[in-house]
Amino acid sequence: MNNGKQEIILKGLPSSGGIAIGTAYLYHREEVYVTERILTDEELEAELVLLDEAIERSRHEVQKIANFAHEKLNEEAAQIFESQLLMLDDVEMRKALDMRLRREKKNADFLVYDELQKYKELLGGASDELLRERVVDLDEIGQRIMRNLQKKRLHSTVEGEHVIIASQLTPSDTILFSKNDVLGYATDLGGITSHAAILSRSLKIPAVTALHTVTAVVQTGDEVILDGQRGLLIVNPTQDHREEYELKLRRIANFEAELKGLVDLPCETPDNHKVELSANAEFINELEYVVTQGSKGIGLYRTEHLYIEKGDFPSEQEQYVEYSEIAHMLYPQQVIFRTFDIGGDKLLDTAVPESNPFLGWRGIRMMLDKPEIFRQQLRALLRASTMKNIKIMFPMISGLTELLEVLELLNDVKEELRGEGMAFDESMEIGLMIEVPSAVFIADELAKHVQFFSIGTNDLVQYLMAVDRNNELIADLYQEFHPAVLRAIKHTIDTGHANGLWVGMCGEMAGNPLATLLLLGMGLDEYSMVPSVIPEVKTIIRSTPFTEAKAVADEALSLSNSFDVRSFLYTYMRDHFPELYASWMTGENGENDVE
Ligand code: PEP
Ligand code: MG
């Protein structure tokens with residue numbers, strides 16, 4: 001019941017999946033404020049001791065949280081607090097503080113505040129979102145030291161089950177609240193790469209960030225529904241919404257119990273047709289989770305984050321270290337590394353401005369213009385391949401000449417490594433992404449030179465439909481199920497098979513359960529997706545005979561518009577997989593297509 005209060009629906013970023021229904025608790029972290037003071041000589045010595053004690057106490061507090069994270073969470077989560085400990089142990093910062101204390105004779109809490117401001121400005125101005133998000137960690141450390149200098153205590157605990165509403169949560173808040181029965185987190189600020197968001201996912205607590213006005217709209221005690229899959233917070237929900245979400249929660253619980261049993265089972269239809277499910281990944285710290293979801297390895301490792309984080313191309317050695325670590329972590333599973341796909345929306349601020357970057361200097365085009373840099377990446381990948389579990393693929397190939405140029409460079413690099421006596425996997429499979437429409441039509445020519453195709457639907461759809469994949473104004477024209485897209489996929493799979501290749505897909509469509517049977521029936525050999533959806537896709541495949549999937553694909557391919565294809569697939573899924581349909585195939589997906 002919403003007690004006659006008006007229902008309000010806020011939209012933010014879906015930062016951690018799952019659904020929570022409960023009452024809100026508005027949390028205001030008590031900030032520590034400082035005022036600048038000049039110390040007497042006697043006070044100065046005491047202040048130095050106080051600073052020592054405050055840092056030591058802060059260390060002790062963070063260590064306790066880190067221990068908890070080590071015990072209860074994964075390595076990535078624990079790492080967040082290890083980095084905070086490193087900041088506390090930072091010798092340079094400590095030296096700077098001591099020096100300023102002696103020279104300026106100002107109170108330590110003011111100097112801590114002032115020193116951190118400098119670092120925050122530096123990070124806050126970074127072009128990379130990940131680095132900007134780290135300001136919160138720095139703030140948390142600063143607040144902790146200042147609080148301890150002022151001998152104040154902080155309580156991040158709430159009695160009872162609540163959805164926590166806050167302007168922003170620090171990593172420690174996220175952990176400490178979780179020790180009680182927190183149901184979910186909804187914040188005004190924060191992105192999906194913030195440490196609080198990473199921790200929420202790791203703790204499996206639903207979270208929605210970037211709601212902008214949530215602390216202004218919600219009061220403690222309000223009824224709320226938090227939908228971490230769609231990024232919604234429904235405040236004072238109507239009876240209908242409440243019932244709808246309660247049903248979803250019950251179905252998800254049953255369904256999750258079933259999925260747990262699937263991890264070690266092969267991805268095989270009841271009539272023995274096998275396909276591979278692998279995961280898309282971008283960061284080394286995602287891999288542990290990947291392995292637990294029952295994937296066959298990594299079907300797409302996006303390497304460009306190395307460039308984005310560094311602000312420049314990483315050296316061969318830096319790349320070698322990362323690629324070989326990944327290969328070791330995954331062994332005997334396979335990993336497909338995609339060479340740098342920089343450009344489009346993944347540009348640094350320093351890049352040459354282009355009026356149409358998605359049609360511009362991107363992916364393989366940029367790399368072929370920078371052969372020295374490209375060679376370093378190829379050398380690093382080859383050197384990391386000695387365990388024979390690495391494959392390489394190239395993004396944005398639009399023509400044969402381009403592919404031949406790439407392969408010539410690759411052969412050259414191999415020759416060079418042989419000359420240097422460096423070992424690498426001589427039989428490594430090479431593939432290319434099919435994501436530019438021209439590549440679909442010359443797939444037969446391209447197929448003669450590689451061992452596999454991986455269909456990149458994210459770009460293939462945008463280029464086939466002439467719809468910018470990031471433009472909200474025309475988002476409804478971005479149609480994965482448009483007949484032109486389906487025919488392009490089918491043609492690519494058939495052409496690949498006719499030439500002895502295996503064909504995978506690493507665009508988002510591979511992880512859309514609505515597309516699972518359609519792709520299976522078209523003959524797709526490998527699906528690579530966000531790891532969390534692997535169990536859903538696996539259960540669909542394991543429950544449907546290949547002959548049935550073929551009939552689904554034939555029917556879908558015979559339809560003349562996207563709306564009809566989706567309606568057909570929705571009806572099929574509703575009738576055959578009611579739990580899946582109810583748990584996250586929400587009505588809006590089926591009904592907003594525009595032809
Ligand atoms: C794609 O285009 O489908 C793809 C997987 O690559 P990205 O999203 O990195 O462009
Ligand atoms: Mg792409």
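Predicted model: local features only at pLDDT ≥ 70, side-chain atom pairs only at ≥ 80, totals over all residues.
Helices, here runs of H or I in DSSP of at least four residues, and strands, runs of E of at least two, are numbered from the N terminus. Helix H19 makes the largest contribution to the shell around ligand 1, with 3 residues. H19 spans 457-465, and together with strand E10 (297-302) it belongs to the elements that each provide at least two shell residues.

The shell can also be read residue by residue. Ligand 1 has 15 residues around it, and those that come nearest are Arg302, Gly456, Asn458, Asp459 and Arg469. Sorted by class, the shell holds 8 charged residues, along with 4 polar and 3 nonpolar ones.

In Arg469, a polar side-chain atom lies 2.7 Å from an oxygen atom of ligand 1. For Arg302, the distance between an N or O atom of the side chain and a ligand oxygen atom is 2.8 Å, and for Arg338 the corresponding value is 2.9 Å. The protein covers 99% of the accessible area of ligand 1, which amounts to 290 Å² for the ligand on its own. The space that ligand 1 takes up is the second largest cavity.

The assignment divides the protein into domain 1 (8-30 + 155-237), domain 2 (41-149), domain 3 (303-428) and domain 4 (444-595). Ligand 1 lies between domain 3 and domain 4, because both of these domains give residues to its shell. As for the overall layout, the centres of domain 1 and domain 4, taken over C-alpha atoms, are 33 Å apart.

The peptide bond that joins Tyr331 to Pro332 is cis, its omega being near 10°. Pro332 is located in the loop that connects helix H13 (316-330) with strand E11 (334-338). Elsewhere, Ala210 has a phi near 55°, a positive value in a residue other than glycine. Ala210 belongs to the loop between strand E6 (207-209) and helix H9 (214-217).

Note on methods. Residues numbered from 1 in each chain as written. Chains lettered and ligands numbered in written order. Heavy atoms only, no water. Near = heavy atom within 4 Å. Polar contact = N/O pair within 3.5 Å; in protein donor to acceptor, adjacent residues only side chain to side chain. Areas by Shrake-Rupley, 256 points an atom, 1.4 Å probe, with all protein chains shown as cover. 1 Å grid on protein atoms, 1.4 Å probe; cavity = no way out; pocket = protein on both sides within 12 Å on 5 of 7 lines; lining within 4 Å. Sits in = over half its atoms within 2 Å of the grid points. Nonpolar A, V, L, I, M, F, W, Y, C, P; charged D, E, K, R; others polar. Domains from an automatic or database assignment.
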